[in-house]
Structure formats: C-alpha cells, structure tokens
Amino acid sequence: MTDHPHIAVFHRTFAAFSAGDMDALAEVFHPDVVWHVGGRNLLAGDHQGREDTFALFGREFQLTGGTYRPQLHDVLANDDHAVALLHVKASREGKDLDMDYALVLHMRDSRITEGWVLVTDPSTYDDFWS
C-alpha cells in the first residue's frame with residue numbers, strides 16, 4: 001500500500017516550516033488559506049490568507065527567540081484532509097512549552113486551504129503565549 005499524496009505534501013510543508021523557507025511554504029499553502037488557532041493568547045484567532053498565516057508562523061519563532069521546535073510523530077491523510085500528530089518544545093519569558101498537538105488540514109489540489117491547531121492542554125498553551 002502506498003502513502004496518500006497529501007502525506008508527501010505535509011512532509012514538504014513541515015520541512016519548509018522547520019527551515020523557515022517561505023518560498024517553499026508558498027507552494028503548498030493556498031493564497032486564501034485560513035489558519036485557526038484557538039484559545040485566548042497572542043496567537044489565537046482566525047488568520048486569513050497566506051500573508052497573515054505566514055506572519056503568525058514568524059511570530060512563533062520571534063516570540064520564542066527561535067526555540068520553537070515542532071517534532072513530527074505521524075501524518076494521516078485522505079483526499080480531503082491531512083492530520084499531523086506533533087510535539088512541540090519552546091521557551092519564552094521564563095516559561096517552557098512541552099506538549100503534544102495536532103494539525104488538521106483541509107487540502108485541495110495538493111495545497112493547504114485551511115488549518116486548525118488543536119492542543120492537548122489549552123490552558124498551558126494560553127499561559128505560554130500570553
């Protein structure tokens with residue numbers, strides 16, 4: 001059995017994100033992407049469009065002084081979605097973030113059109129980013 005093509009798209013996305021390669025990210029993110037971050041913190045909200053979404057990603061690295069480090073556990077995919085299971089470590093202002101989370105991605109034509117960040121401990125996540 002072969003992997004679904006959206007798994008390869010996510011692997012390219014993860015590699016580009018980890019390297020800060022915005023040109024490579026632009027290839028896999030639809031220009032009108034919507035990125036959802038839950039909670040009550042500096043990153044929370046619905047980020048509209050590639051520019052706003054990429055600014056959010058940059059802010060994660062900026063606010064953590066470059067310590068934001070996601071680690072990929074697994075990716076599952078079908079024709080409409082990809083779900084990535086991850087773990088992240090970061091530090092900022094004397095606080096540490098060390099938690100599992102999931103990204104649920106809506107895919108169309110091998111591009112990410114919408115994404116949801118789902119964390120395992122919302123109150124810790126809010127505290128870290130507040």
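Q: What makes the link between the side chains of histidine 36 and glutamate 114 a polar contact?
A: The side chains of histidine 36 and glutamate 114 are joined at 2.5 Å, and a polar contact is a pair of N or O atoms within 3.5 Å, where within protein one must be able to donate a hydrogen and the other to accept it, and residues adjacent in sequence count only if both atoms are side-chain atoms; the pair therefore meets the definition. This is a predicted model, in which local features need pLDDT of at least 70 and side-chain atom pairs count only at pLDDT 80 or more, while totals for chains, interfaces and linings use all residues. Residues are numbered from 1 along each chain as its sequence is written, and side-chain values use heavy atoms, with hydrogens and water left out.

Q: Why is histidine 36 called buried?
A: Histidine 36, found in strand E1, has a relative accessibility of 15%, and buried means under 20% relative accessible area, with exposed over 50% and partly exposed in between (1.4 Å probe, protein chains only), so histidine 36 counts as buried. Leaving aside neighbours within four places in sequence, histidine 36 is in contact (heavy atoms within 4.5 Å) with residues including Gly45, Asp46 and Trp116.

Q: What makes the meeting of arginine 92 and glutamate 93 a salt bridge?
A: Their side chains meet at 3.6 Å, N to O, and a salt bridge is a side-chain nitrogen of Lys or Arg within 4 Å of a carboxyl oxygen of Asp or Glu, so the pair qualifies. A search of the whole structure finds one salt bridge. Arginine 92 is buried, at 6%, whereas glutamate 93 is exposed, at 63%.

Q: How do you know that E3 and strand E4 pair?
A: Eight bridges join E3 to E4 (residues 81–92), and the two run antiparallel; because strands pair if DSSP finds at least two bridges between them, E3 and E4 count as paired. Both belong to an open sheet of six strands in the order E2-E1-E6-E5-E4-E3, whose edge strands, E2 (45–48) and E3 (69–77), each pair on one side only.

Notes:
Helix = DSSP H or I, 4+ residues; strand = E, 2+ residues; numbered from the N terminus.
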